[in-house]
Amino acid sequence: MEKRNMRVDISILRIAATLAVVFLHTNNTISNNRDIFLIDAEKMRFFSINNFLMNWAVPVFFMITGVLLLDSNKFITFKACVNKYSRRIVLALFTFGVPFSMLEIFVKNRKISFVILEEAIGNVITGNSWSHLWYLYTLIGIYLILPILKTFVNNAEKATVRYIIWILFIFDFCKCIFDNILGVSIAFEIPIGGFAIFYVLLGKYLTDRDTCFFNKKICSIFILISVVCIVGGGMLIENYEVQEYFGYNSPVIVLLSISIFMMFQGITCKRKQNVWKIDRLCFAVYLIHPVFINFFYKFLKITPLCFGNFYFIGVVIFWILFVILSFCSAWIMHHITLLKKYIL
């Protein structure tokens, strides 16, 4: 999206989602590695709840993709889907994923060899590099089927789009909840799977319809309800299986994501140019921020847990530190011609 077509509310929303992702990984790097950091049940619950509360961020990224790329006024060719959008993400995957994987292998084995490079490339191909890169694999898939989505959205009636969104919601979100509650696997399925497409279509649909129902007051109530459900569920369920109820394909996260997405609609500010500059750094921040988290947590062995009983304060301090380091690094990367031209 060029600067002259910039939507300030979308830029601010993307920045907010980026900050949320950094906070999410500040917490879940610890909760996902309980064997390394040896945290008790109370701390596990704290870090997990923080993680779930930020699970709206990536769905919002997908919704922003729907808003921008499914716009009927934006013409996108098949060639652009492959050579422009998909190629950029593939280059990002290998440019960052291979070094990330090599670093992980080095930390584990404490030795360097040519075999590490081969293994790292294999890890990127098989999706076994750093976990946050899963978003890029999914994004490539979305870009490749973008012509299909655009043709559907731009030619279908709103009622048809709404119908598809409801079908995806029932089968990709509600079905898994029923499976977990009932303890059985319901056999009914649809050939279109994955929550990403749902969020992409949802983002476009919400910006096209009358949004009077989603006013700020109602959105605030929905956000409060979602937070209560997440915190309450996290407190009641003592193990990490709560992830099944508050992951990206959770109805609660859908409600939270929609509410936050709509809360930002129409927001404006006077310093649009500064917002745009920060917005342009967000993709690089997403790519680079786990480097600092892993460096402090796994290499230096410095984590919020070092704050003792005040580990909750440590989380905030580390989050701010990671945000600053990530945005500074993103700014530097944007001054590297090849990275800015082909990836960022």
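Trainee: In which helix is the place of L117, and is L117 buried, partly exposed or exposed?

Mentor: In this predicted model, L117 has its place in helix 6. Its relative accessibility is 37%, and because buried means under 20% and exposed means over 50%, the value falls in between. L117 in helix 6 therefore counts as partly exposed.

Trainee: Which residues make the nonpolar surface patch, and which element gives the largest share of the patch?

Mentor: The patch covers about 400 Å² and is made by V90, F94, L117, I121 and I125. Two elements, helix 5 (78-109) and helix 6 (114-126), each give two or more residues to the patch. The largest share, three residues, comes from helix 6.

Trainee: Is I253 buried or exposed, and how far apart in space are I253 and I230?

Mentor: I253 lies in helix 13, which spans residues 251-263, and with 0% relative accessibility I253 counts as buried. Leaving out residues up to four places away in sequence, I253 touches several residues, including F52, W56, Y199, I230 and Y248. Although I253 and I230 are 23 residues apart in sequence, their distance in space, C-alpha to C-alpha, is 8.9 Å.

Trainee: How many aromatic pairs does the structure hold, and what kind of pair do F23 and W319 form?

Mentor: The structure holds 33 aromatic pairs. For F23 and W319, the ring centres are 5.5 Å apart and the planes make an angle of 85 degrees; because angles over 60 degrees count as edge-to-face, that is the name for this pair. F23 lies in helix 1 (residues 8-31) and W319 in helix 16 (residues 311-333), so the pair ties together parts that are 296 residues apart in sequence. The pair of F23 and W319 is edge-to-face.

Trainee: What kind of pair do F100 and W130 form?

Mentor: F100 lies in helix 5 and W130 in the loop between helix 6 and helix 7 (134-144), so their pair ties together parts that are 30 residues apart in sequence. F100 counts as buried at 5% relative accessibility, and W130 is buried too, at 9%. The rings are 4.4 Å apart, centre to centre, with 10 degrees between the planes, and the pair is stacked.

Trainee: Over which ring does the charged end of R88 sit, and over which ring does that of R280 sit?

Mentor: The charged end of R88 is 4.5 Å from the centre of the ring it sits over, which belongs to F283. For R280, the charged end is 4.4 Å from the centre of its ring, which belongs to W276.

Notes
Residues numbered from 1 in each chain as written. Predicted model: local features only at pLDDT ≥ 70, side-chain atom pairs only at ≥ 80, totals over all residues. Heavy atoms only, no water. Patch = residues over 30% accessible without salt bridge, like charges linked within 9 Å, V, L, I, M, F, W, Y side chains within 5 Å. Areas by Shrake-Rupley, 256 points an atom, 1.4 Å probe, with all protein chains shown as cover. Salt bridge = Lys/Arg side-chain N within 4 Å of Asp/Glu carboxyl O. Helix = DSSP H or I, 4+ residues; strand = E, 2+ residues; numbered from the N terminus. Buried < 20%, exposed > 50% of the residue type's maximum accessible area, 1.4 Å probe, protein only. Contact = heavy atoms within 4.5 Å. Phe/Tyr/Trp six-rings, centres within 6.5 Å; stacked < 30°, edge-to-face > 60°. Lys NZ or Arg CZ within 6 Å of the ring centre and 35° of its normal.
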